[in-house]
Amino acid sequence: MERSAQRLGRALIVIVDDRVAHGEHEDSVGPLVTELLEENGFIVDGIVAVAGETVDIRNALNTAVIGGADLVITVGGTGVSPRDVTPDATQGVLDRPIPGIAEAIRSSGLAAGAVDGGISRGLVGISGSTLVVNLAGSRTAVRDGMATLSSLVPHVIDELSGLDAT
């Protein structure tokens, strides 16, 4: 990324998975997202696991925004089943959507063979001065989505950091 000598900002990861949230299953995706974010210049404040409930997801997102995170990545709950409510919860938190980035993630997911990434209803947008991104839950979708984001996020973060100067 262009700002390699400089940190891009602070990030928080929200894992949306009932089994992980209830301690029944170990989170294998959060550490992957952490590694990819750190490689791209972010300081990862932590990983939060929440159940696939709209209120839980919305609370985690609001807490990250209020806490000053520059980027929040949610993983999971973006599909078409009745339990997949991450985009619905996210929509209630966003001030402004960025549909082009969400479409780029879906398109690259399909091209990479990540079916869940391709059919994801995931959203991308701004809440306050925080960029919020929903990724599908498979490791393939996460890897592909993060690769797609790597060239776009620095620009968005730069734009958002200019909000304080205006």
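How many salt bridges does a search of the whole structure find? The search finds five, a salt bridge being a side-chain nitrogen of Lys or Arg within 4 Å of a carboxyl oxygen of Asp or Glu. Before going through some of them, a word on what is being looked at. This is a predicted model, in which local features need pLDDT of at least 70 and side-chain atom pairs count only at pLDDT 80 or more, while totals for chains, interfaces and linings use all residues. Residues are numbered from 1 along each chain as its sequence is written, and side-chain values use heavy atoms, with hydrogens and water left out.

One of the salt bridges pairs Asp45 with Arg10, at 2.7 Å from N to O. Asp45 sits in strand E2 and Arg10 in strand E1, so this pair ties together parts that are 35 residues apart in sequence. Helices (H or I, at least four residues) and strands (E, at least two) are DSSP runs, numbered from the N terminus. Asp45 is partly exposed, with a relative accessible area of 41%, and Arg10 is partly exposed too, at 32%. On this scale, buried means under 20% relative accessible area, exposed means over 50%, and partly exposed is in between (1.4 Å probe, protein chains only).

Arg83 takes part in a salt bridge with Asp18, where the closest N and O atoms are 2.7 Å apart. Since Arg83 lies in the loop between E3 and H4 and Asp18 in helix H1, the pair ties together parts that are 65 residues apart in sequence. Arg83 also meets Glu53 in a salt bridge, this time at 3.0 Å from N to O. Glu53 belongs to the loop between E2 and helix H3 (54-66), and the two partners are 30 residues apart.

Next comes the interior. In soluble globular proteins, nonpolar side chains tend to be buried together. Here, the largest nonpolar core has 29 residues, and Leu37 and Ile73 touch the most other members. Such a core is a set of buried Ala, Val, Leu, Ile, Met, Phe, Trp, Tyr and Cys residues joined through side-chain atoms within 4.5 Å. The elements giving it two or more residues are strand E1 (9-16), helix H2 (30-39), strand E2 (42-50), E3, helix H5 (99-112), strand E5 (124-127), E6 and helix H7 (139-161). H7 supplies the largest share, seven residues. A second, separate core holds 15 residues, among them Ile57, Ala60, Ala69 and Val132.

Leaving aside neighbours within four places in sequence, Leu37 is in contact with Ala11, Ile13, Phe42, Val44, Leu71, Ile73 and Met146, contact meaning heavy atoms within 4.5 Å. Leu37 is also one of the buried residues of H2, listed with Gly30, Leu32, Val33, Thr34 and Leu36. These buried residues pack against E1, E2, E3 and H7. After H2 comes Gly41, whose phi is positive, near 95 degrees.

Val29 lies in the loop between helix H1 (18-21) and H2. Val29 is buried, with a relative accessible area of 9%. Not counting residues up to four places away in sequence, Val29 touches Val75, Gly137, Arg139 and Val142. The C-alpha atoms of Val29 and Leu135 are separated by 11 Å, although these residues are 106 residues apart along the chain.

Beyond four places in sequence, the contacts of Asn134 include Thr78, Thr86, Pro87, Thr90, Gly122 and Leu123.
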